Amino acid sequence: MLPKELSAIINNSQRSMKEAVAFCKKEFSLIRAGKASPALLENIRVDYYGSQTPLNQLANVSAPEARLLTVDPYDKSIIEDIEKAIMSGGLGLNPSNDGQLIRIPLPMLSEERRKELVKRAREVAENARISIRNARRDANDEIKKTVKSNSLPEDSQYDGENKIQELTDKYIKLIEEALEQKEKDILTV
């Protein structure tokens, strides 16, 4: 049983590690695999009456087919603004509109582009692993300080550090599993 001071440190560390995993998974959702996903347009902002508004607040984004996204604006008068925002979004997409609906066909990924996307996914995963290791280091430093300043037994320091290492291993494993799945999604045609 760990002293409550150390339990609080471990809980804070665990929260940081969970956030790193959640951030990693969110970033993975923005990396295009072979299939259409509304999450692909999540970071698109549209100039709507002078303010940069997220696309998902201005339109219904859906994926009716495996390689097609559709954007159905609530206000049809801004359809061209939405189309421009998608084109300038850096995703390499070419939307077309019929005055009512924007269709965005997703081109097949070339082998070279797939390798670039896998490389990007690995970078995201590595940043998440670094964040988790930083949380471990910070927690271990805090445990050492707390044990010393509160005159706690040395065993509680080792127990706390072991618990932190268990959490680190657990969350890094979650990152590895998510990366493996994302690579599979990207590389399968």
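Predicted model: local features only at pLDDT ≥ 70, side-chain atom pairs only at ≥ 80, totals over all residues.
Reader: Okay, and the overall shape? What radius of gyration does the protein chain have, and what would a compact globule have?

Author: The idea is to hold the chain up against a globule of 189 residues. Such a compact globule would come out near 16 Å, but the protein chain has 22 Å. The box around the C-alpha atoms, taken along the principal axes, is roughly 70 × 40 × 20 Å. As for burial, 40% of the 189 residues count as buried.

Reader: What is the secondary structure made of, and in which pattern does it run along the sequence?

Author: You've got four helices and six strands. Going along the sequence, the pattern is α-β-β-β-β-α-β-β-α-α.

Reader: Pick a helix for me. How does the reach of H1 sit with the expected value?

Author: A helix can be checked by its end-to-end span. H1 covers residues 4-30, which is 27 residues, and reaches 39 Å from its first C-alpha to its last, close to the 39 Å expected at 1.5 Å a residue.

Reader: Which residues of H1 are buried, and what covers them?

Author: Buried residues in H1 include Leu6, Ile9, Ile10, Met17, Val21, Cys24 and Phe28. Ser13 and Glu27 are buried there too. The cover includes helix H3, residues 111-149, and H4.

Reader: On to cores. How many residues are in the largest nonpolar core, and which have the most contacts inside it?

Author: That core has 30 residues, and the ones with the most contacts inside it are Phe28, Ile31, Ile132 and Ile175. The elements giving two or more residues to this core are H1, H3 and H4. H3 supplies the largest share, 11 residues. Apart from this core lies another one, of 20 residues, with Leu41, Val46, Val71 and Leu106 among them.

Reader: Back to Ile175, then. Which residues is Ile175 in contact with, leaving aside its neighbours within four places in sequence?

Author: The partners of Ile175 are Ala20, Val21, Cys24, Ala125, Ala128, Arg129 and Ile132. Two of these, Val21 and Cys24, are also on the list of buried residues in H1.

Reader: Now backbone angles. Where is Ser151, and what is its phi?

Author: Ser151 lies in the loop between H3 and H4. Its phi is positive, about 50°, although Ser151 is not a glycine. At 65% relative accessibility, Ser151 counts as exposed.

Reader: What does Tyr49 have for phi, and in which loop is Tyr49 found?

Author: Tyr49 has a positive phi of about 50° and isn't a glycine either. You'll find Tyr49 in the loop between strand S1, residues 45-48, and strand S2, residues 51-54.

Reader: Last one: how many aromatic pairs does the structure hold, and why is the geometry called edge-to-face?

Author: There's one aromatic pair. For the geometry, you look at the angle between ring planes, and over 60 degrees counts as edge-to-face. The rings of Tyr48 and Tyr49 have centres 4.7 Å apart and planes at 65°, so the pair is edge-to-face. Tyr48 is partly exposed at 23% relative accessible area, while Tyr49 is exposed at 71%.

Conventions: Residues numbered from 1 in each chain as written. Heavy atoms only, no water. Phe/Tyr/Trp six-rings, centres within 6.5 Å; stacked < 30°, edge-to-face > 60°. Buried < 20%, exposed > 50% of the residue type's maximum accessible area, 1.4 Å probe, protein only. Expected span 1.5 Å × (residues − 1). Contact = heavy atoms within 4.5 Å. Rg over C-alpha atoms; globule rule 2.2 N^0.38 Å. Core = buried A, V, L, I, M, F, W, Y, C linked by side-chain atoms within 4.5 Å.
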